[in-house]
Amino acid sequence: MRTGTTIRRSLWRWRRNPLRRREDVLEAWILLIVWLVIALVGPVAGVLGAHTSAHSAAQRRAERHSATATLVSDASSSSLSTGTTGGRIDATVRWTAPDGTRHSGKIPVDEGMKAGSRVTVWTDRQNHLTTTPPTATQAGVDAAFMGAASSFAVVTAAAAGYYGARIVLNRRRRAAWEHEWQDIGSQWGRAAS
């Protein structure tokens with residue numbers, strides 16, 4: 001019983017009513033469009049965001065490959081290494097690319113590693129050092145987050161648009177009410193005199 005009353009009350013803007021204004025009908029249509037955008041575009045944006053993120057992670061995994069590198073010198077805090085973060089030190093390593101060319105570069109390694117130690121490095125197609133590609137689990141978490149963030153962005157934008165339109169419509173209603181009160185007030189003033 002209560003649900004039917006709530007639905008009828010929420011649909012009052014479309015019914016014929018002498019108190020209904022053009023702004024009321026416009027607000028009802030805007031609200032309907034916003035709900036449709038949230039119901040249809042929100043999930044689509046979420047799926048597309050998740051798919052794009054998963055595709056990007058798969059592409060990074062395909063473009064990067066691992067190589068075994070050799071540490072050139074001891075990795076100690078007394079060496080002239082450039083950066084230290086959490087027990088790791090930037091150290092120079094050398095590796096041989098799949099095409100047989102030799103390369104060198106700096107990567108963070110555990111402090112205390114000795115020269116000649118083997119470490120795994122990740123390189124791109126040009127055999128430049130790069131970061132480790134995301135694992136399948138990390139890619140799944142990132143895709144889920146991006147999907148949720150995309151859906152949330154659509155919902156937020158739709159809600160903000162509705163509330164922005166409502167502010168404008170409320171200003172128009174107030175201006176119309178004020179104009180009508182002035183007309184009524186002038187008629188009351190004439191009848192009283």
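## S53 and its neighbours

S53 touches D142, A143 and M146, leaving aside residues up to four places away in sequence; contact here means heavy atoms within 4.5 Å. S53 itself sits in helix 2 (residues 22-63). Helices are DSSP runs of H or I with at least four residues, strands are E runs of at least two, and both are numbered from the N terminus. At 12% relative accessibility, S53 counts as buried. The cut-offs are under 20% relative accessible area for buried, over 50% for exposed and partly exposed in between, using a 1.4 Å probe and protein chains only.

A word on the model: it's predicted, so local features need pLDDT of at least 70 and side-chain atom pairs count only at pLDDT 80 or more, while totals for chains, interfaces and linings use all residues. Residues are numbered from 1 along each chain as its sequence is written, and side-chain values use heavy atoms, with hydrogens and water left out.

## The overall layout

The protein has three helices and six strands, running α-α-β-β-β-β-β-β-α from the N terminus on. Of its 193 residues, 22% count as buried. Take the contacts with a separation of 6 or more: 60% of them come from residues 24 or more positions apart.

## R173 in helix 3

R173 belongs to helix 3 (residues 136-192) and is buried, with a relative accessible area of 7%. Leaving out residues up to four places away in sequence, R173 touches E23, D24 and E27.

Two polar pairs are worth a look here. The side chains of R173 and N170 are joined by a polar contact of 2.5 Å, and a polar atom of the R173 side chain lies 3.4 Å from the backbone oxygen of E23. A polar contact is a pair of N or O atoms within 3.5 Å; within protein, one must be able to donate a hydrogen and the other to accept it, and residues adjacent in sequence count only if both atoms are side-chain atoms.

## Strand pairing

Strand 1 (residues 65-71) pairs with strand 5 in the antiparallel sense over six bridges, and A67 has V121 in strand 5 as its bridge partner. Strand 1 also pairs with strand 3 (residues 88-96), again antiparallel, over three bridges; there A69 stands opposite W95. Pairing takes at least two DSSP bridges between the strands.

I89 lies in strand 3 and, at 1% relative accessibility, counts as buried. Over in the loop between strand 5 and strand 6 is N127, a residue other than glycine with a positive phi, near 65 degrees. N127 counts as buried too, at 10% relative accessibility.

## The largest pocket

The largest pocket is lined by 14 residues, and R88, I107, P108, T120 and V121 lie nearest its centre. Strand 4 (102-110), strand 5 (118-123) and strand 6 (129-130) are the elements giving two or more residues to that lining. By type, the lining divides into eight nonpolar, four polar and two charged residues. Nonpolar covers Ala, Val, Leu, Ile, Met, Phe, Trp, Tyr, Cys and Pro, charged covers Asp, Glu, Lys and Arg, and the others, Gly among them, are polar.

About 240 Å³ of space lies in this pocket, a volume being the space filled by probe spheres set on the grid points, which are joined across faces, edges and corners. On a 1 Å grid over the protein atoms alone, a pocket is an open set of points where a 1.4 Å probe fits, with protein on both sides within 12 Å along at least five of seven lines; lining residues have an atom within 4 Å of a point.
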